[in-house]
Amino acid sequence: MTAILVIPYRDRGIDPYRPLNLKYVTNWWADRIHLPVIVTGDGRAGQEPFNRSACYNQAVDLHPNVDVFVFAESDVFCDPDQIHSAIDIATQAPGLVVGFSRFMEINEADSIRVREGQPHDTVPATQIRGDKGSNGAINVISRDTYNLVGGYDETFSSAWWDDTAMGRAFDICCGPTRYVDGQVFHLFHASGGRAGAVTTEADRAATEANRRRYEQYLQATTPEQIRVLTGGE
């Protein structure tokens, strides 16, 4: 069984925290986890809205001999043992495995301290949403699971709604999402989907398009209908 950890990333040049976060989390994984760590782009350019789904699909296409993919966003990190547990679960049966159960937010000032070398467990972190309340950030899936769901829907871009839609897609095609108990830590960034974040007009339009696309996922009730959507139709 082979596995890799994939970090989706493209520097759009609008948020100085993004490349700093990437450097920190890439080093975090490289120093602690016994897996190849791959940074994958989305094939877009400039300030065009980021397409995380394209990064994931490209990673699968470029690594045909890999059995399990750990998709970890460029601003999050966790205990590597949680990842290895998630990989074990992902190989037991099809379905999405989330590598944590509690999403912990580190604020702007403390994120700077962490990136500068202060241990993350010496700064405060606030839990966002309830336990098992997030299905994004770190997704672990087998190649069989990827094929059953039909890949990640590249219709989604920018922030919001894509994780929720794909969570439904995995549940319908493969069975209930499974979680590994533990925390994931999120470093602050200026751009994104939260209130007050730095965004472009194209980002805001993409988020609204994501919301409308999610409505189509709510209407889909069979694996066949889901695979039509994940295929981009």
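Modeller: What follows is a set of questions and answers about this model, which is predicted.

Colleague: Why is Asn21 called buried?

Modeller: The word applies to a residue with under 20% relative accessible area, and Asn21 has a relative accessible area of 1%, so Asn21 is buried. This residue is found in helix H1, which runs over residues 17–32.

Colleague: Which residues is Asn21 in contact with, if its neighbours within four places in sequence are left aside?

Modeller: Asn21 is then in contact with Ser74, Asp75, Arg115, Leu187, Phe188 and His189, where contact asks for heavy atoms within 4.5 Å.

Colleague: How do you know that the span of H7 agrees with its number of residues?

Modeller: Helix H7 covers 201–219, and at 1.5 Å a residue its 19 residues should span 27 Å, while its end C-alpha atoms are 28 Å apart, so the two values agree.

Colleague: Which residues of H7 are buried, and what makes you say that they line one face of the helix?

Modeller: The buried residues of H7 are Asp203, Ala206, Thr207, Asn210, Arg213, Tyr214 and Tyr217. Seen down the axis of H7, these buried residues fall within an arc of 125 degrees, and therefore they line one face of the helix. On the other side of H7, Glu201 and Gln219 are exposed, a word that asks for over 50% relative accessible area. What covers the buried residues of H7 includes H6 and helix H8, the latter at 223–230.

Colleague: How do you know where the buried residues of H3 lie around its axis?

Modeller: The buried residues of H3 are Pro80, Gln82, Ile83, Ala86, Ile87 and Ala90. They cover an arc of only 145 degrees around the axis, so they are on the same side of H3. On the other side of H3, Asp81 and Gln92 are exposed. As for span, the 13 residues of H3, residues 80–92, should reach 18 Å at 1.5 Å a residue, and the end C-alpha atoms are 19 Å apart, which agrees.

Colleague: What makes a space a cavity, and how many cavities of 30 Å³ or more does the structure hold?

Modeller: A space is a cavity where a 1.4 Å probe fits but cannot get out, and the structure holds two cavities of 30 Å³ or more. The largest cavity has about 80 Å³ of space, and its lining residues include Arg52, Tyr56, Asn139, Asp163 and Phe170. Helix H2 (52–62) and H6 are the elements that give two or more residues to this lining, and H6 gives the most, with five residues. By class, the lining of the largest cavity divides into five nonpolar, four polar and three charged residues. The second largest cavity has about 30 Å³ of space, and among the residues that line it are Phe50, Asn51 and Phe156.

Colleague: Why is the other kind of space called a pocket?

Modeller: A pocket is so called because it is an open set of points, whereas a cavity does not let the probe out. About 1,200 Å³ of space lies in the largest pocket. It is lined by 42 residues, of which Glu73, Ala159, Trp160, His189 and Gly193 lie nearest its centre. Strand E6 (102–105), helix H6 (162–174) and helix H7 (201–219) each supply at least two residues of this lining, and by class the lining has twelve nonpolar, 15 polar and 15 charged residues.

Methods. Residues are numbered from 1 along each chain as its sequence is written. This is a predicted model: local features need pLDDT of at least 70, side-chain atom pairs count only at pLDDT 80 or more; totals for chains, interfaces and linings use all residues. Side-chain values use heavy atoms; hydrogens and water are left out. On a 1 Å grid over the protein atoms alone, a cavity is a set of points where a 1.4 Å probe fits but cannot get out, and a pocket is an open set with protein on both sides within 12 Å along at least five of seven lines; lining residues have an atom within 4 Å of a point. Grid points are joined across faces, edges and corners, and a volume is the space filled by probe spheres set on the points. Helices (H or I, at least four residues) and strands (E, at least two) are DSSP runs, numbered from the N terminus. Ala, Val, Leu, Ile, Met, Phe, Trp, Tyr, Cys and Pro count as nonpolar, Asp, Glu, Lys and Arg as charged, and the others, Gly among them, as polar. The expected span of a helix is 1.5 Å times one less than its number of residues. Buried means under 20% relative accessible area, exposed over 50%, partly exposed in between (1.4 Å probe, protein chains only). The arc is that of the directions from the helix axis to the C-beta atoms.
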